[in-house]
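Student: I would like to learn how to read a structure like this one. Could we go through it together?

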Amino acid sequence: MMEIHFAPLQGYTDCCYRNLHNRIFGGVDAYYTPFVRMEHGELRKKDIRDLLPENDNTGKLIPQVIVKNVQELDFLVSAIREMGYNRIDVNMGCPFPMQTKKGRGAGLLPFPEDVEKLSYYINDNPEVDFSIKMRLGCTDTRECLRLLPVLNGTRLKHIAVHPRIAVQQYKGDLDMNTFEEFMDGCEKPIIFNGELRTIEDIDNVVKRYPNLMGVMIGRGMLMHPSLASEYVTSKTPEADELLRLVLELHSGMYEHYSKTLQGDSHLLMKMKIFWEYLEDLIGHKNYKLIKKAVTITKYNAVVASL
Ligand SMILES: Cc1cc2nc3c(=O)[nH]c(=O)nc-3n(C[C@H](O)[C@H](O)[C@H](O)COP(=O)(O)O)c2cc1C
């Protein structure tokens, strides 16, 4: 059975969103934390809160880390294991120069010898199940092919592949030819990630690559939070039912953030982000009104009118 993973999206899929999504929509086999990193020799408090198992109600959360070397990996793995997890995903896809320039995220892809060092660590720590989320390359799609010998020798649950290079960020053509070449040479289960927005998109990729372990969906889930459950159940909610469910998700987020954020302006900012990918659902006019709301009262009035 094809698995559906909800891709990590920094700023969107935090613990509150994941818990609510899982309860209201479901259909997802695995959620991920947005990447956590070592900062000034420790984990950020915000990241710890997002990771803590007692804050996760999904029971299918995979913590994701971003690292440049074994020292950082060991620090994060130890901290996350201590919390009680035995599952960790390593980010080798983040395209932001802030990370890649330091050799993290997609910045690891051009350096097989650095990935190999991480691989030794992974193989030496069998009590943790690891996976990797990667792109085809940082500046060149061939980078992933040069990594195959190392990846094939690493103890990995799966590799999630987004068939772009880092400089493309999240736009532009997917290089399916290189993805296929990579898949042919890869002995690990592969999860496809990229531009899946509709049931048809999922069906097409599954038909084209029947050996996939699953698909990972990011923005498509933010735009259409029922996508995974529709795929699994073959049932499509009516438009007004979908809106009702999204508003339920919204209420949960609003309630949570009105308790945890200081001040209306922070709450307003955070809640505006909630709608960022939902323009199609609520219509252009409402979307613009939300964007333009300058006070939480105005914002609430627009949401109440939906
Ligand atoms: C706003 C934003 C934040 C993201 N944050 C992360 C992250 O923390 N970790 C990660 O591995 N990928 C991150 N990604 C990449 C997504 O997980 C995913 O790979 C990418 O959006 C492509 O999949 P999609 O076309 O289904 O959205 C992020 C993407 C976006 C747009």
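Student: Which residue forms a salt bridge with Glu180, and how far apart are the closest N and O atoms?

Tutor: First, a word on the source: this is a predicted model, where local features need pLDDT of at least 70, side-chain atom pairs count only at pLDDT 80 or more, and totals for chains, interfaces and linings use all residues. Residues are numbered from 1 along each chain as its sequence is written, and side-chain values use heavy atoms, with hydrogens and water left out. Now the general idea: side chains of opposite charge can pair when their charged atoms come close. The rule for a salt bridge is a side-chain nitrogen of Lys or Arg within 4 Å of a carboxyl oxygen of Asp or Glu. Here Arg208 pairs with Glu180, with 3.2 Å between the closest N and O atoms. This pair links distant parts of the chain, 28 residues apart: Arg208 sits in helix H9 (residues 199–208) and Glu180 in helix H8 (residues 176–185). Helices (H or I, at least four residues) and strands (E, at least two) are DSSP runs, numbered from the N terminus.

Student: How many salt bridges does a search of the whole structure find?

Tutor: The search finds 17. Another one joins the side chains of Glu195 and Arg219, at 3.0 Å from N to O. Glu195 lies in the loop between strand S10 (190–193) and H9, while Arg219 is in helix H10 (residues 219–223), so this pair ties together parts 24 residues apart in sequence.

Student: Is Arg219 buried or exposed?

Tutor: The terms go by relative accessible area: buried is under 20%, exposed is over 50%, and partly exposed is in between (1.4 Å probe, protein chains only). Arg219 counts as buried because its relative accessibility is 17%, whereas Glu195 is partly exposed at 29%.

Student: What does Lys291 pair with?

Tutor: Lys291 forms a salt bridge with Glu276, and their closest N and O atoms are 3.3 Å apart. Lys291 is in helix H15 (residues 284–292) and Glu276 in the loop between helix H13 (264–274) and helix H14 (279–282), so parts 15 residues apart in sequence are tied together. Lys291 is partly exposed at 39%, and Glu276 is partly exposed at 29%.

Student: Where is Ser119, and what does its side chain make a polar contact with?

Tutor: A polar contact is a pair of N or O atoms within 3.5 Å; within protein, one must be able to donate a hydrogen and the other to accept it, and residues adjacent in sequence count only if both atoms are side-chain atoms. Ser119 is in helix H5 (residues 112–124), and its side chain makes such a contact with the side chain of Thr154 at 2.9 Å. With a relative accessible area of 5%, Ser119 is buried.

Student: How is the protein divided into domains?

Tutor: Domain bounds come from an automatic or database domain assignment. Here they give domain 1 (3–233) and domain 2 (239–304), with centres 28 Å apart, taken over C-alpha atoms.

Student: What is the area buried between domain 1 and domain 2?

Tutor: The size of an interface is often given as the accessible area lost when the parts come together. Buried area uses a 1.4 Å probe and is summed over both parts. Between domain 1 and domain 2 the value is about 1,400 Å², with carbon and sulfur atoms giving 73%. There are two salt bridges between these domains.

Key: Buried area = accessible area lost by both parts, 1.4 Å probe.
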